[in-house]
Amino acid sequence: DLVSDDQTIFPKEFQEKYLVSRGIGTGVCGEVKLAFERATCKKVAVKIINKKNFPSVGTATRNAEREIEILRRIDHPCLIKTEDFYQTEDTYYIVLELMEGGELFNRVKAGHGLDEAVAKLYFYQMLMAVEYLHRNGIIHRDLKPENILLASQAKTCLIKVTDFNQSKILEGETLSRTLCGTPSYLAPEVFTHAATTGYGPAVDAWSLGVLLFVCLGGYAPFYEHPSRPSVQEQIIQGEFTMVPSKWKGISDQAKDMVRKLLVVDPSLRLSITSALKHPWLQDPAMLAQANKLMYPPEDSDTELAHNKRPREDEEGDGN
Ligand SMILES: C/C(=N\O)c1ccc(O)cc1O
């Protein structure tokens, strides 16, 4: 095994395929580094996860390989692709698609929300990605701004959801591990029913509601404050405030979407499918923009390609 500049140990076969560069992100479950695939110079992201954060027994490791196979088949324009997977005795190395725009977390500056039109474009793509996961039997369970990546520095860009694989690959989440991260995005039933009746895909609808609240308002709906109940209590009560100064200029339809997602009772909460039908998203210009980002026309269909080819009525040797 060779050691990279900051003492991270990488397996030899990994080093033979990838050249590791600088750190580009850190999360609860591991560090992310930029790397280059030696054969193609293609840039990738490598998530390095210390197994002690995911206590695994023999069966879990076998599960990891099986889960990797499932995840390799996951294919949606708004989901980060798992490109490769290595493990040593104490570490997982997950090679992921690189997103040049980084984390949404860095785009939603404290105190300033995104333009409503930008938030709508991003939120629609998140809904499409999560609806696809649910259709494939995967509940994300950890949707938050750090797990929403942007394809470029442009405001109007493709977004991709990541980390849906970690909890799926690295053995099912235990409630204790779920509670080890920041609870701000966790749905109420994770605290009140998870240990007994468990929880379903509606937890992702709640987290998307929190994400949309943060993108529009520029602050979190449930947050630690000395004079307030604990975040867990605020969530269980569904207590949040849309501060007028922060929400002035935001449309009533956008606020209605947030209010219908941040509903404590999962059976009454807006489902992902219903959210996609909400009036706020019936916006042809946004839908056209999102579809162009998710399904870009093939090169041969773009006007650029047309400009290169002489038209039939033009001079040319006919080839
Ligand atoms: C996890 C990940 N990609 O899969 C990633 C994480 C952080 C970042 O700045 C860029 C990235 O592409």
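Is D75 buried, partly exposed or exposed? D75 is partly exposed, with a relative accessible area of 48%, on a scale where buried means under 20%, exposed over 50% and partly exposed in between (1.4 Å probe, protein chains only). A word on the model before the close-ups: it is a predicted one, so local features need pLDDT of at least 70 and side-chain atom pairs count only at pLDDT 80 or more, while totals for chains, interfaces and linings use all residues. Residues are numbered from 1 along each chain as its sequence is written, and side-chain values use heavy atoms, with hydrogens and water left out.

**View 1. D75 and K81 pair up through their side chains.** Here the two side chains meet in a salt bridge, at 3.3 Å from N to O. The term covers a side-chain nitrogen of Lys or Arg within 4 Å of a carboxyl oxygen of Asp or Glu, and the structure holds 14 of these salt bridges. K81, like D75, falls in the middle class: K81 is partly exposed at 29% relative accessible area, and D75 is partly exposed at 48%.

**View 2. K17 and D84 form a salt bridge that links distant parts of the chain.** The N to O distance is 2.9 Å. K17 sits in helix 1 (residues 12-17) and D84 in strand 6 (residues 82-87), 67 residues apart. Helices (H or I, at least four residues) and strands (E, at least two) are DSSP runs, numbered from the N terminus. K17 is partly exposed at 33% relative accessibility, whereas D84 is buried at 9%.

**View 3. D163 and K47 make a buried salt bridge pair.** Their closest N and O atoms are 2.8 Å apart. D163 belongs to the loop between strand 10 (159-161) and helix 4 (164-169), and K47 to strand 5 (residues 43-50), so this pair too links distant parts of the chain, 116 residues apart. Both residues are buried.

**View 4. The ligand has ten residues around it: I24, V32, A45, I80, L96, E97, L98, M99, G102 and L149.** Each of them has a heavy atom within 4 Å of the ligand. By class, this shell has eight nonpolar residues, one polar and one charged; Ala, Val, Leu, Ile, Met, Phe, Trp, Tyr, Cys and Pro count as nonpolar, Asp, Glu, Lys and Arg as charged, and the others, Gly among them, as polar.

**View 5. Backbone atoms of E97, M99 and I24 come up to ligand oxygen.** A backbone N or O atom of E97 lies 2.7 Å from an oxygen atom of the ligand. For M99, a polar backbone atom is 2.8 Å from a ligand oxygen, and for I24 that distance is 3.4 Å. Taken alone the ligand exposes 320 Å², and the protein buries 94% of that, using Shrake-Rupley areas with a 1.4 Å probe (for residues, only the protein chains shown count as cover).

**View 6. C78 and C157 are in no disulfide.** A disulfide here is a pair of cysteine sulfur atoms within 2.5 Å, and by this rule the count is zero. For C78 the nearest cysteine sulfur is that of C157, 10 Å away. Both cysteines are buried: C78 has 0% relative accessibility and C157 has a relative accessible area of 3%.

Key: A polar contact is a pair of N or O atoms within 3.5 Å; within protein, one must be able to donate a hydrogen and the other to accept it, and residues adjacent in sequence count only if both atoms are side-chain atoms.
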